[in-house]
Amino acid sequence: MLNKKVAELLNTQVNKEFYSAYLYLHFANFYVEQGLNGFANWYQVQAQEERDHAMLFIQYMQNNDVPVTFEAIEKPSSGLGGNMDALKEGLAHEQYVTGLIHNIYDAAYSVKDFRTMQFLDWFVKEQGEEETNANDLIKKMELFGSDPKSLYMLDQELAGRVYAAPSLVL
């Protein structure tokens, strides 16, 4: 059985991952309204990834005989004013999630829960990729976003992103 604090943090993370998916669907909807379907696609794929992250946490808890409690998913609170808003909020959110993962890892480490630490290793790496991708998208928007032709090309590039299931096997 998992340590009580570690189990609680894992359960909280399930709900945080579902919130992340919800937030990214909010961003996708915003970009559809702006006529930037490539940006919308990028965030729709991102939402699928976050949903799968939640499912991995659920499976891990179930594999360890820990009951999963589902909480209400908070409504995204931000009103997005411009095309850059979602990108910056997305990076800040990924940095927040990285902190949550590190907090769970720290709790697992403190009770020598090596199995949970090994499970979380994949998420630590994944969060590094998530932050890099979000930061790269901001840099591209800063470079190209003010020029309509370049924004169109960036939107087309983002339209090509396809969903790939997570590589973590439990």
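**Helix packing and selected residues in the predicted model**

Ala86 is located in helix α3. The structure described here is a predicted model, and Ala86 is buried in it, its relative accessible area being 0%. When neighbours within four places in sequence are set aside, the contacts of Ala86 are with Phe27, Tyr31, Tyr43 and Leu80.

Helix α2 comprises residues 37-63 and helix α3 residues 83-110; the two pack at an angle of about 15°, and their axes are 13 Å apart. Because angles under 35 degrees count as roughly parallel, α2 is roughly parallel to α3. The crossing of this pair is left-handed. By residue class, the contact of α2 with α3 consists of six nonpolar residues, one polar residue and two charged residues.

Helix α2 packs against helix α4 as well. Here the axes come within 12 Å and cross at roughly 170°. Since an angle over 145 degrees counts as roughly antiparallel, α2 and α4 are roughly antiparallel to each other. From α2, the residues that meet α4 are Phe39, Trp42, Tyr43, Gln46, Glu49, Glu50, His53, Leu56, Phe57 and Tyr60. Their counterparts in α4 are Arg115, Thr116, Phe119, Leu120, Trp122, Phe123, Glu126, Glu130, Asn133, Leu137 and Met141. This contact divides into twelve nonpolar, four polar and five charged residues.

Helix α4 (114-144) packs in turn against helix α5, which spans residues 148-159. The angle between α4 and α5 is about 155°, and their axes are 9 Å apart; the two helices are therefore roughly antiparallel to each other. Their crossing is right-handed. Leu137, Lys140, Met141 and Phe144 of α4 make the contact with Ser150, Leu151, Leu154, Glu157 and Leu158 of α5. Six nonpolar residues, one polar residue and two charged residues make up the contact of α4 with α5.

Asp121 and His102 are 19 residues apart in sequence, and their C-alpha atoms are 9.8 Å apart in space. Asn135 likewise lies in helix α4 and, at 29% relative accessibility, counts as partly exposed. The C-alpha atoms of Asn135 and Val14 are 24 Å apart in space, and the two residues are 121 residues apart in sequence.

Asn11 belongs to helix α1, which covers residues 4-33. Its relative accessibility is 10%, and because buried means under 20% relative accessible area, Asn11 counts as buried. A polar atom of the Asn11 side chain lies 2.7 Å from the backbone nitrogen of Thr69. Thr69 is also one of the residues that Asn11 touches, together with Met61, Pro67 and Val68, residues up to four places away in sequence not being counted.

Backbone geometry was examined at two loop positions. Most residues other than glycine have a negative phi. Asp65, by contrast, has a positive phi, near 55°. This residue is placed in the loop between α2 and α3 and is exposed, with a relative accessible area of 62%. Lys112 also has a positive phi, near 55°, and is found in the loop between α3 and α4. Lys112 is exposed, its relative accessible area being 61%.

Methods: Residues are numbered from 1 along each chain as its sequence is written. This is a predicted model: local features need pLDDT of at least 70, side-chain atom pairs count only at pLDDT 80 or more; totals for chains, interfaces and linings use all residues. Side-chain values use heavy atoms; hydrogens and water are left out. Helices (H or I, at least four residues) and strands (E, at least two) are DSSP runs, numbered from the N terminus. Buried means under 20% relative accessible area, exposed over 50%, partly exposed in between (1.4 Å probe, protein chains only). A polar contact is a pair of N or O atoms within 3.5 Å; within protein, one must be able to donate a hydrogen and the other to accept it, and residues adjacent in sequence count only if both atoms are side-chain atoms. Contact means heavy atoms within 4.5 Å. Axes are lines fitted to C-alpha atoms, for helices over the stretch in contact, and angles run from 0 to 180 degrees between N-to-C directions. Angles under 35 degrees count as roughly parallel, over 145 as roughly antiparallel, 65 to 115 as roughly perpendicular and the rest as oblique. A crossing is left-handed if the near helix is turned anticlockwise from the far one by less than a right angle, and right-handed if clockwise. Ala, Val, Leu, Ile, Met, Phe, Trp, Tyr, Cys and Pro count as nonpolar, Asp, Glu, Lys and Arg as charged, and the others, Gly among them, as polar.
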